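The report below describes the overall form of a protein and then turns to one of its elements.

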Amino acid sequence: MSLKKETPSDIQLHLAALHGNEVLLKKVLDSGKVHVDCKDEDDTTPLILASASGHLTCVIELLEQGANPNAKRVTGTTALFFASQGGFTDVVRILIKSGAAIDSPSLEGGTPLFVACQGGHVNIVKELLNRGANVHVAMKDRATALFIASQNGHRTILSMLLTEGANPDACRNDGATPLWIASQMGHDHIVRLLLQHGANIDAVRCDGATPIFKASHKGYAAVVHELLKYKPNLGLLPNGETALHAAAMFGHLPVVKQLIASGSEFRKNRDGLTPLDVARQQNHWTVIEYLEEKMRESKVRRSMENEQKM
């Protein structure tokens, strides 16, 4: 609830905070016609507006005049949330010094640490972690800060979170892990770091897909290269397909070659189709030619092995 209905002076104070007009801000505050925490229809205070725009001098003035550093908008977001989202390190520091709650969550569960990780603001993440931000909190969908950093490809931040003990296998409600989402996004540098920290190579999302399946489906050869180092399951997955089926279906020849070289077999999927059948359905001729060649080589090899046994 707002403290009162907005007056012309309230609106002036909000605009001054939004635009960083320190002279007008002081003038309106000194008039005695406004409350320092006057709110608009979304419960946004002048401090939230000044913090979101990175106007340090206005933030300091508002705090000195008694602004509440933990005031929340209707979404549950605070001044620290927006300063962290914007990457305003000095504003973040003064807010924390003034008593801003480090882990105050939005209604969706996002904390200042989440939005700093999302935006790749290394200095903000470092400041929040040094001040005791909790790396284990999760949003309503159970995504953690580590998941967000992995999704957005922020390696330095990921390393910082892992050093603070973040769980590399903490999964979202749908079963997606940081490794899964990094594989889907094509972030081979993130995949490499997560695997080095023990991430589960065969973590399965609710649809039955694993990181190697998703990377193969997307055609991310660099990601597939990193995943293959840790010997992922190349056989039939819970979704009834193999990674080779995924690569063949979308015509990703470099990935098909990687998978074959790593021992992928020409197994049938749940519909009774081989990777070659799938490639034929989609008219991926370069993949078709390569798989046909490999199948011929495989037959010759088996024939020679059988002769040796006789």
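Accessible areas come from the Shrake-Rupley method with a 1.4 Å probe, and for residues only the protein chains shown count as cover. On that basis the accessible surface of the protein comes to about 14600 Å², of which 49% belongs to carbon and sulfur atoms. This is a predicted model, in which local features need pLDDT of at least 70 and side-chain atom pairs count only at pLDDT 80 or more, whereas totals for chains, interfaces and linings use all residues. Residues are numbered from 1 along each chain as its sequence is written, and side-chain values use heavy atoms, with hydrogens and water left out.

The secondary structure comprises 18 helices and zero strands, where helices (H or I, at least four residues) and strands (E, at least two) are DSSP runs numbered from the N terminus. The radius of gyration, taken over C-alpha atoms, is 27 Å, well over the 19 Å that the globule rule (2.2 Å times the number of residues to the power 0.38) gives for 310 residues, so the protein is more spread out than a compact globule. Along the principal axes, the C-alpha atoms fill a box of roughly 100 × 35 × 25 Å.

Of the 310 residues, 49% count as buried, meaning under 20% relative accessible area with a 1.4 Å probe and protein chains only.

Helix H8 covers residues 122-130, and its buried residues are Ile 124, Val 125, Glu 127, Leu 128 and Leu 129. These buried residues pack against the helices tabulated here, with contact meaning heavy atoms within 4.5 Å.

| Helix packed against by H8 | Residues |
|---|---|
| helix H5 | residues 79-86 |
| helix H6 | residues 89-97 |
| helix H7 | residues 112-119 |
| helix H10 | residues 155-163 |

H8 is followed by Gly 132, whose phi is positive, near 95°.

Technical notes
Buried means under 20% relative accessible area, exposed over 50%, partly exposed in between (1.4 Å probe, protein chains only).
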